[in-house]
Amino acid sequence: MGGLLLPMFLLGVAETLKMHGTVTTFDNFYFLARFCFRPNNGKAVFTFNYRRENIGGVIPTYNTLLMYYDGEKQWDAAYKSDLTCSEKVDLLMSQNDTDQMAELRETEEHYCDQEDNTLPLITCSSRWADKESFYSANDTGFVTYHDGYIGFQNSKARWWFFAISNCVNPNGVSTMDYTVELTNGDSFWNKHVSADEIGILETQLAFAALLVYLLILTARVSVVLAKKQFYHTSFKIFTVSVVLRFLATAATITERVMMNITGFHNVPAQYVGKSLNVAADTSFILLLVLLSKGWTVVKGRLSTEGTIVLSASVTFYMVSQIAALFWEAYMFDPGEVLYEYESAPGYAVMVTLVLVWLWFTSCTFGTLQSYQDKKAFYSYFYLAYTLWFLAKPTVVLLAAFYLGDSYRERVVEIVLCSNSFLSYSIFLILTRPSAANKLFPFNVKTTQIGISTSDQIVDGPPSNVFYADRTDMFKATGSVTGGRRDVYSTGFSSVLTNNVGGMEMERVTTSESQDSFPGPPSHV
């Protein structure tokens, strides 16, 4: 998976905190960056270095920095529209928003001298000067340098979009070097963080601490289960999912800490975290479907047909997730504020989750119908993980159509982290190896898994195994030699021990019939 995502590590992002580079375009209107500023705290610091051209050898042309905020009459009207360059600039002039335009020239004209330059920009400081040309000695063009900052006054958190225009130059914006730094105050937690993401680092740190606690509990439970021969592959899959989630969270925290310090996104760490999250989700879905089919709970094997369908479903989900990451990296329009699943592959991920949930529902009720003694476990299991399956599609739909762009990233992150923590915690509660846990699911011991060499499903006793521990019903006394089969009575039940090809397999039967396999009652 990491190899597939490696090309995305070379990409930058447009939701920029610090950026620098060279614009080379013949377009007269060029989108540069976007950022969500906090109320009364945002500031843009910029430096531009470009070659000024003269039209007809006489009239100099200057590039202009345009600043739009989100709204139907501003950025929504200017971007991806049929308007000409001049008409896009006129959107600001017609609304008396000329303070959202800064002509990048040698002398301070009117921009920073405006006494009424208070809404929506509140402060302005600039230094203009001619700089020695860094082009060849034979180049008669001029290079104009502009260094300054602009402060933003918002009544609420708001997205701002920066563009460069040169509507009169037939060569467009041409070639321009730039450096832009966009900030929200001076705090470590806020300075280089877009307003819609403020609080996500704190959420990730809290989630990481909770995951460490869950890993400790998982290790303790694993030891107890191993001693009792119930450390099944299903619980190992759960452990893998928790570990992957922790590693994903650690990668995300690393990326965000580096971003807060330097102002630059660490794209490799960002996509390592997302890739590990995909792996954690996929492994957890695999676990839930396996348990819904009764695997390691009342069955030691799955049918061939069920295995094929399960493999296809999990594979399609993973492929959809990877496609959504590629789409976000390569296909997302940087001039639009989009959530990561607002794409065809992203919607495919959500549809796949719902379809897998429907299959999960069918399997759960099918297993419950055959094993009524597991009603308590599967009731809690189904309710808890129905909420897990449907939480992500629900929050993605709300994020795409109802939540505001200025805070939805933070809200979605909190909901998904909470959902993951609760799902892992509930699984540990359900599998808690304690005599007081009447919901404990496992009845088939690890020594019974895979003993059968046929495709026949191997069933286990649908009973509370810790009741069996207290009555020693799994401890047979006697010997088994050759192909002989001995049955030892323990009161209401008996222990049947088979010797097949030198391998022993214990099965619990009732005194009513040694051929049936319902196991002892769940409660004394």
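Modeller: What follows takes the labels in turn, and the model is a predicted one.

Colleague: What makes the pair Cys85 and Cys167 a disulfide?

Modeller: The S to S distance between Cys85 and Cys167 is 2.0 Å, and the cut-off for a disulfide is 2.5 Å between cysteine sulfur atoms, so the pair qualifies as a disulfide; the structure holds one disulfide. Cys85 lies in helix H3 and Cys167 in the loop between strand E10 and strand E11, 82 residues apart, so that distant parts of the chain are linked.

Colleague: Why is the disulfide of Cys85 and Cys167 called left-handed?

Modeller: The disulfide is called left-handed because the torsion about its S-S bond is about -75°.

Colleague: How do you know whether Cys85 is buried or exposed, and what is Cys167 called?

Modeller: Cys85 has 14% relative accessibility, and buried means under 20%, so Cys85 counts as buried. Cys167, with a relative accessible area of 29%, falls between the limits of 20% and 50%, and is therefore partly exposed.

Colleague: Why is Tyr402 counted as exposed?

Modeller: Its relative accessibility is 66%, and exposed means over 50%, so Tyr402 counts as exposed. Tyr402 is found in the loop between H9 and helix H10, and together with Tyr347, Leu397, Leu398 and Phe401 forms a nonpolar patch on the surface, with about 560 Å² of accessible area.

Colleague: What makes helix H6 mostly covered?

Modeller: Of the 26 residues in H6, 21 are buried, a label that requires under 20% relative accessible area.

Notes: Residues are numbered from 1 along each chain as its sequence is written. This is a predicted model: local features need pLDDT of at least 70, side-chain atom pairs count only at pLDDT 80 or more; totals for chains, interfaces and linings use all residues. Side-chain values use heavy atoms; hydrogens and water are left out. Buried means under 20% relative accessible area, exposed over 50%, partly exposed in between (1.4 Å probe, protein chains only). Helices (H or I, at least four residues) and strands (E, at least two) are DSSP runs, numbered from the N terminus. Patches are made of residues with over 30% relative accessible area and no salt bridge: like charges are joined within 9 Å, nonpolar side chains (Val, Leu, Ile, Met, Phe, Trp, Tyr) within 5 Å. Accessible areas come from the Shrake-Rupley method with a 1.4 Å probe; for residues, only the protein chains shown count as cover. A salt bridge is a side-chain nitrogen of Lys or Arg within 4 Å of a carboxyl oxygen of Asp or Glu.
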